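Visitor: I am new to reading protein models. Could you walk me through this one, feature by feature?

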Number of protein chains: 2
Amino acid sequence: MSEPLEGAELLCADAVGDVIEHWGFRKALGRVWAILYLETVPLGAADIAQRLTMSAGAVSTSLGELQRWGVVRRVWRPGERKEYFEAETDFWKMISKVVSERERFLAESVKDRLDRAATSAEAAPKSAKRAHVLERIKRLSAFANVAQAVLDSFIQSQRADFQKFGNLLSLTRAAKVAKEAS
Amino acid sequence: MSEPLEGAELLCADAVGDVIEHWGFRKALGRVWAILYLETVPLGAADIAQRLTMSAGAVSTSLGELQRWGVVRRVWRPGERKEYFEAETDFWKMISKVVSERERFLAESVKDRLDRAATSAEAAPKSAKRAHVLERIKRLSAFANVAQAVLDSFIQSQRADFQKFGNLLSLTRAAKVAKEAS
DNA sequence: CTGAATTTTCAGAACATTCTGAAAGTTCAT
DNA sequence: ATGAACTTTCAGAATGTTCTGAAAATTCAG
């Protein structure tokens, strides 16, 4: 139950890995999540390591991180020492959590620094240059605020639309798959 | 005209650098853009290098990349060998170009790979497992499509709203700044 | 054309990230 | 309580990225 993977599942895992890497996470995170997503049953760490040819350490840290992001869950089986893991399957839940958490942190830190920059600029002697710098800093701050607002509203209000759209698509897909499957 | 920078401008440049880095580009790109954004006049490469304490090489590649992303423009001065550069100031123009270009490329490549994964999975003997894997791959594909659609519509339709919101904010800001500036 | 000014390129250095493998730590069935 | 089963941690290796500095290429005023 766990040769190194090949074929469809590996292809998939690597594709997801690349997307995730493109989004600024480690590729391993995407690969591990994908493997769990494609499985019918929860997997143990050692199993994942073998399928993806990763070391125990890499799997352990990846699973830890995935859980912190809330995209993988731990599953206990009664009377078993071993821990099993399964993937969160609700894409929206994952996206919204990750986007909100990541951007919220960044937004705070950046707004802080721009405020400090503005204060520092105000300390300079008045001049056309100073006024220009101040105006540009204010514009940057304003943009940060707008961006945050847009992201927030996207996360909150678009959720319904997104799900509706998504469900529609996956329903047509599911119908097609059901027809195909034997 | 170009000691190593300090104070407000450096603070700003580094803040922008970090944001940009968080979005998966080199920090240097953000810093160079920010310096140009804060300046009243176009700057030459050597000038930028000194202000940000970067090597000529780093500045050259950064400016090249920024131009390819359309967020920095080259400016000629008649009878001058030297090239000058200025920042694009329309945030939306920048965001939409970068987002669309980056995500379009990724979306294509990923959809391709998922299709190949599906084909490969179909080659396996029919079984409950195969059906499940296929269904999950289809869901991933569907999600990729939805995500692309959402991004596209965001880029196109939200543009108006975004600009309206942004202008509102920057107008109030501009008024305040104008009042302050002597 | 020429050559000085300027930009681009690129090999290697410096730095940063991620992985491995094994030791240390934890947990639970007994 | 014990110890086998399993997980986490971490130092060092491997890998990947970005920068430097100088050589090569380009450009344009004269």
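Guide: We begin with helices. A helix here is a DSSP run of at least four residues, numbered from the N terminus. Take A:Ser100: this residue sits in helix α5 of chain A. Keep in mind that the model is predicted.

Visitor: Is A:Ser100 buried or exposed?

Guide: Buried means under 20% relative accessible area. A:Ser100 has 17%, so A:Ser100 counts as buried.

Visitor: Which backbone oxygen lies 3.2 Å from a polar atom of the A:Ser100 side chain?

Guide: That of A:Lys97.

Visitor: Now the loops. Where does A:Thr53 lie?

Guide: In chain A, A:Thr53 is in the loop between α3 (45-52) and α4 (56-68). Look at the backbone angle too. A:Thr53 has a phi near 50°, a positive value in a residue other than glycine.

Visitor: Is A:Thr53 buried or exposed?

Guide: The cut-off for exposed is over 50%. A:Thr53 has a relative accessible area of 64%, so A:Thr53 is exposed.

Visitor: And what about B:Thr53 in chain B?

Guide: B:Thr53 lies in the loop between α3 (45-52) and α4 (56-68) of chain B. Its phi is near 50°, again positive in a residue that is not glycine. At 63% relative accessibility, B:Thr53 is exposed.

Visitor: How should I read a sheet?

Guide: Strands of a sheet pair through backbone hydrogen bonds, either parallel or antiparallel. In chain B, 3 strands make an open sheet, and the pairing is antiparallel. Their order is β1-β3-β2.

Visitor: Which are the edge strands of chain B?

Guide: β1 (43-44) and β2 (72-76) of chain B, since each pairs on one side only.

Visitor: How many bridges link β1(B) to strand β3 of chain B?

Guide: There are 2 bridges, in the antiparallel sense, and β3 covers residues 83-87 of chain B. One partner pair to find is B:Gly44 with B:Tyr84 in β3(B).

Visitor: Over in chain A, how many bridges join strand β2 to strand β3?

Guide: The count is 5 bridges, between β2 (residues 72-76) and β3 (residues 83-87) of chain A. These two strands run antiparallel. Find A:Trp76, and you will see A:Glu83 opposite in β3(A).

Visitor: What do β2(A) and β3(A) form together?

Guide: A hairpin, with 6 residues between the strands. In the turn, A:Gly79 has a positive phi of about 70°.

Visitor: How many salt bridges cross the interface of chain A and chain B?

Guide: The rule finds 6 salt bridges there.

Key: Residues are numbered from 1 along each chain as its sequence is written. Chains are lettered from A and ligands numbered from 1 in the order in which they are written. This is a predicted model: local features need pLDDT of at least 70, side-chain atom pairs count only at pLDDT 80 or more; totals for chains, interfaces and linings use all residues. Side-chain values use heavy atoms; hydrogens and water are left out. A salt bridge is a side-chain nitrogen of Lys or Arg within 4 Å of a carboxyl oxygen of Asp or Glu. Buried means under 20% relative accessible area, exposed over 50%, partly exposed in between (1.4 Å probe, protein chains only). A polar contact is a pair of N or O atoms within 3.5 Å; within protein, one must be able to donate a hydrogen and the other to accept it, and residues adjacent in sequence count only if both atoms are side-chain atoms. Two strands pair if DSSP finds at least two bridges between them.
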